[in-house]
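Please have the viewer open as you read.

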Amino acid sequence: MTQAIHTALPKTMRAIGYTASLPIDNPQALQDLTLPLPGLKPHDLLVKISAIAANPVDYKIRKHRPGSTDKPEILGWDAVGTVVATGEAVTLFQTGDQVFYAGALDRPGANSEFHAVDERLVGLKPKTLSAAEAAALPLTAITAWELLFDRLQLDQPAPTPATYSQKVLLISGAAGGVGSIMVQLAKLRTNAIVIGTASRPESQDWVKALGADYVINHQLPLAEELTRIGIKEVSHIASLVDTAAYYEQFIAALAPQGKLALIDDPKTALDIRPLKLKSLSLHWELMFTRSLFQTPDQQQQHQLLTEVAKLVDSGQLKSTVGQQLGAINAANLRRAHALLEQGQVIGKLVLAGFTGATPQ
């Protein structure tokens with residue numbers, strides 16, 4: 001049993017997806033589709049989508065997950081919209097609520113006019129942001145939060161004894177979507193010295209503006225760059241891109257009992273044996289783990305998005321929109337995927353609004 005807003009919902013919706021895994025320069029790589037509205041599970045919200053963001057996970061799945069004509073793949077794991085119907089077990093939200101979320105990897109994504117999502121993964125949209133600005137936040141905020149506080153435990157006391165008197169966090173790839181939030185959260189909620197890496201002048205300026213204490217160039221030897229800013233070693237490293245290329249340098253830069261966390265998918269296997277001498281720990285972060293395995297604490301994502309919204313509305317945390325690419329359609333999403341595949345994006349790519357009449 002569901003409840004809906006006063007106006008009747010259409011039977012079909014616009015969506016962007018694919019029926020075969022193709023290179024992004026192929027017009028069929030992402031297509032404008034008309035699909036039935038999704039059904040709701042007991043804890044689900046039906047959300048009318050107003051804005052989305054594109055993430056590297058989108059093109060990675062597009063390249064490796066085949067679609068079919070019978071069941072097109074719908075991507076997209078950043079969304080903002082209005083709750084228009086609720087499942088029978090929903091308690092956290094009601095119709096009319098403005099929400100933001102990343103959703104679950106094992107369900108259709110939010111590149112569609114209506115989307116079903118478990119309420120335990122959802123937060124109320126920050127009141128002070130537009131839909132497009134808010135769409136830039138959920139996936140990266142959850143990833144950054146879980147990496148910093150669940151995996152690296154940067155808000156916990158440092159190990160004792162330690163060779164460093166103050167925590168020093170190195171964020172490798174700090175100008176991207178996750179790094180842009182992580183720099184801010186680390187400065188807001190810890191007393192760590194925050195070092196971000198970025199190579200281009202515009203990306204270095206971006207990281208500085210977000211509040212990093214230092215910005216160094218990851219195209220230069222890490223040891224030399226740390227020496228240049230007077231840092232002997234670091235206690236924590238968050239590796240957000242190309243971990244394999246920097247792995248040995250990270251181990252050398254970490255202080256004894258330090259922590260290394262990563263979110264990317266190294267193309268070569270990482271040998272963990274060199275971590276032993278310093279008793280270094282290695283941590284993985286995937287923000288979809290809680291939803292994929294239906295963990296008992298999956299409602300933590302609702303709670304942390306609620307806290308993120310409070311930080312935004314109090315002026316302490318800002319959106320990380322890099323570019324707004326126009327309306328939600330296949331052509332604009334193909335452009336977003338192409339930019340992400342080039343690996344040169346600063347901040348987040350967002351799209352807002354569907355054009356034309358809703359299919360019936």
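## Strand β4 and its partners

Strand β17 (residues 348-352) is joined to β4 by four bridges, and the two run antiparallel. Within this pair, isoleucine 52 has leucine 351 of β17 as its bridge partner. Two strands are said to pair if DSSP finds at least two bridges between them, and strands (E, at least two residues) and helices (H or I, at least four) are DSSP runs numbered from the N terminus.

Before going on, a word on the source: this is a predicted model, in which local features need pLDDT of at least 70 and side-chain atom pairs count only at pLDDT 80 or more, while totals for chains, interfaces and linings use all residues. Residues are numbered from 1 along each chain as its sequence is written, and side-chain values use heavy atoms, with hydrogens and water left out.

β4 is largely enclosed by the rest of the structure, because nine of its eleven residues are buried (under 20% relative accessible area; exposed is over 50% and partly exposed in between, with a 1.4 Å probe and protein chains only).

## Asparagine 55

Where does asparagine 55 lie? It is in the loop between β4 (44-54) and α1 (56-64). Asparagine 55 is buried, with a relative accessible area of 3%.

The side chains of asparagine 55 and aspartate 78 are joined by a polar contact of 2.9 Å. Such a contact is a pair of N or O atoms within 3.5 Å; within protein, one must be able to donate a hydrogen and the other to accept it, and residues adjacent in sequence count only if both atoms are side-chain atoms. Leaving aside neighbours within four places in sequence, asparagine 55 is in contact (heavy atoms within 4.5 Å) with Trp77, Asp78, Leu139, Thr140, Leu340 and Lys348.

α1 packs against helix α10 (residues 330-342) at about 95 degrees, with the axes 9 Å apart. Axes are lines fitted to C-alpha atoms, for helices over the stretch in contact, and angles run from 0 to 180 degrees between N-to-C directions. α1 and α10 are therefore roughly perpendicular (65 to 115 degrees; under 35 is roughly parallel, over 145 roughly antiparallel and the rest oblique). Pro56, Asp58, Tyr59, Arg62 and Lys63 of α1 meet His337, Leu340 and Glu341 of α10.

Helix α3 (residues 138-151) and helix α9 (residues 300-313) cross at roughly 105 degrees, their axes coming within 10 Å. α3 is thus roughly perpendicular to α9. Residues of this contact include Trp145 of α3 and Leu304 of α9.

## The parallel sheet

An open sheet of six strands has the order β12-β11-β10-β13-β14-β15, with parallel pairing. β12 (214-216) and β15 (281-284) are at the edges with a single partner strand each, so one side of each has no neighbour in the sheet. On average, neighbouring strands of this sheet are turned by 20 degrees against each other, direction ignored.

Strand β13 (residues 234-239) runs parallel to strand β14 (residues 254-262), with five bridges joining them. Helix α7 (residues 243-253) packs on the sheet, touching β10, β13 and β14, and its direction makes about 160 degrees with that of β14.
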